[in-house]
Amino acid sequence: MSSTAHLTWFVRHEFRLAWREWLAMMTGGRRRRNRAVIGLLLFAAILHLPAYAVVARYVDLRFPLDPSSLIVLTATIFLSWALMLSQAIESVTRVFYARADLDLIMSSPAKLTNIFSIRIAAIALTVSSMALLLSTPFVDVLVYLGGPRWLAGFGVVLAIGLSAAAAAIAVTAFLFRLIGPSRTRLVAQIVSAVIGAGFVIALQVVAVLSYGTLSRFAFLTSDTAARIAPAPDSLLWWPARASLGDLDIMLLLLAAALVMLGVVMAVFAPRFADTVASVAANPAAVTRGRARAFRSGSRQQALRRKEFLLLRRDPWLLSQTLMQMLYLVPPALMLWRSFSGTSTAIVLITPVIVMAAGQLAGGLAWLTISGEDAPDLVATAPLLPSRVTRAKVEVVLIAIAAIFAPLVATLAFASPQQAAVTAIAIVIATASAAAVQLWFRAQAKRSQFRRRQTSSRIATFAEAFSSIGWAATAALVLTIPSAALVSGILTLLTLVIAWKISPRR
């Protein structure tokens, strides 16, 4: 087989893998994929309705814009780029660690530089395709209402995706060279979480410190931002101008993104062979430590220690947990500012904390209850199934208490009543998330954590509505107690409906 045939086969192989990963993520690994794909297409069509509500009022925008509008548009584009960079870093890390084809690639008769160039291109196209898929409803509405000039938005999205993928590959390769393959997996997850949430959180932090509000638009629309903004002909505004229909600038941005990707291929593809060899030699799993003495204790204590150990070792849990924790930084700053003042904005802290606790508890509950890699081994333990389930739920409660107790304790110094309401709401939201996972329990591997939302759509929506409902109820208890009763009843009704239709009823 010729070299060209080898590369052609590998191109097909990469896109086949990308398609299967996307399909598995969207369908949760179910066999009836055709029906799931049709449902996703219908869902994408329905997304045009909220897209119309969001962007319909902006169809007449043209350059030049006033400084505030230009700053907000540019910040939105940069936020999209940061989110794509975060996703791309995770994708690159997953290619090295989650796939089991590295040895096969190394034994291929094709030139390794060409093979890794194809893999880099496949990562870039995968990230860009996902971005195009998510942006299509919004661009469609703008084109339908405002004319073909808005088609330039697709070019901007493609340029953002390609440049984000190129930057992600460069960052990951740099981490491999700097700290080695065994630590890159952990650090890449941290970098991915910080980049994904960092920009929004930074804007909220500035808004809290400067204006005493959690709104990220407070600083972007302020006179201070307008004064320090560069001139309208600055390169900084090129993405905004391209998205408004400037075809020449859009083509320049797209060309720059392609050049950036080409440079990354030329520089890093030859080095990926050494990187892959390092990964194969260090599978990021085997670490030799000191022998530990056997711990005595009850059977449930042993089970709890086992669950805590697995949570600590989970490869993708850290980025999810860190993301939740980062989003608590702005409300924590709001709490700090409210100590000496009489601001009523401190009430906003409670729903944020409760919602974060509910979402994090849902992920932890899935890992401990459904994500069991050795269910047969656990079933042979000399414990009743109810005791096993109880130990797993206790692990979730203990983990949530350890994470959120310091923040609630700090809140008690500012408002003991609010701290008590927040603590009770956290417990209820955590218990509700664990109950939903128990009702819709389906045995799965921990490696499927990223796709847990697709295993049961009903469970996903029930968990989300439960967290939102208890967060709203907690906020209403502090502001409008009579309305809190209605909100609590509606949230309980949501849980009752989920229980009625659950397979574990």
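**Reading helices, burial and cores**

Q: Where is Val388 found in this chain?
A: In this predicted model, Val388 is found in helix 19, which covers residues 385-414.

Q: Is Val388 buried or exposed, and why?
A: The general idea is that a residue is called buried when its relative accessible area is under 20%. Val388 counts as buried because its relative accessibility is 10%.

Q: What is the C-alpha to C-alpha separation of Val388 and Leu303 in space, and how many residues apart are they in sequence?
A: Here two kinds of distance are set side by side, one along the chain and one in space. Val388 and Leu303 stand 85 residues apart in sequence, while 7.6 Å separates them in space, C-alpha to C-alpha.

Q: How many helices and strands does the whole chain have?
A: The secondary structure comes to 22 helices and 0 strands. Of the 505 residues in the chain, 43% are buried, and of the contacts between residues at least 6 apart in sequence, 81% join residues at least 24 apart.

Q: How are two packed helices described?
A: Two packed helices are described by the angle between their axes and by the distance between those axes. In this structure, the axes of helix 6 and helix 12 (residues 247-268) come within 9 Å and cross at roughly 145 degrees, and the crossing is right-handed.

Q: Which residues of helix 6 and helix 12 meet?
A: On the side of helix 6 they are Ser117, Ile120, Ala121 and Ala124, and these meet Leu261, Val264 and Met265 in helix 12. The residues of this contact divide into 6 nonpolar, 1 polar and no charged.

Q: Where do nonpolar side chains tend to be in soluble globular proteins?
A: In such proteins, nonpolar side chains tend to be buried together. In this model, the largest nonpolar core has 37 residues, and the members that touch the most others are Met84, Leu85, Leu162, Ala168 and Leu261. At least two residues of this core come from each of helix 4 (67-97), helix 6, helix 7 and helix 12, and helix 7 gives the most, with 14 residues. Leaving aside neighbours within four places in sequence, Met84 is in contact with Val127, Ala131, Val157, Ile160, Gly161 and Ala164. Apart from this core lies another, of 34 residues, including Val354, Ala365, Ala425 and Ala462.

Q: Is Thr422 buried or exposed, and why?
A: Thr422 has its place in helix 20, residues 416-439, and this residue is buried because its relative accessible area is 0%. If residues up to four places away in sequence are not counted, Thr422 touches Thr350, Ile353, Val354, Val408 and Leu411.

Terms used
Residues numbered from 1 in each chain as written. Predicted model: local features only at pLDDT ≥ 70, side-chain atom pairs only at ≥ 80, totals over all residues. Heavy atoms only, no water. Axes fitted to C-alpha atoms, helices over the stretch in contact; angles between N-to-C directions. Helix = DSSP H or I, 4+ residues; strand = E, 2+ residues; numbered from the N terminus. Left-handed = near helix turned anticlockwise from the far one by under 90°. Contact = heavy atoms within 4.5 Å. Nonpolar A, V, L, I, M, F, W, Y, C, P; charged D, E, K, R; others polar. Core = buried A, V, L, I, M, F, W, Y, C linked by side-chain atoms within 4.5 Å. Buried < 20%, exposed > 50% of the residue type's maximum accessible area, 1.4 Å probe, protein only.
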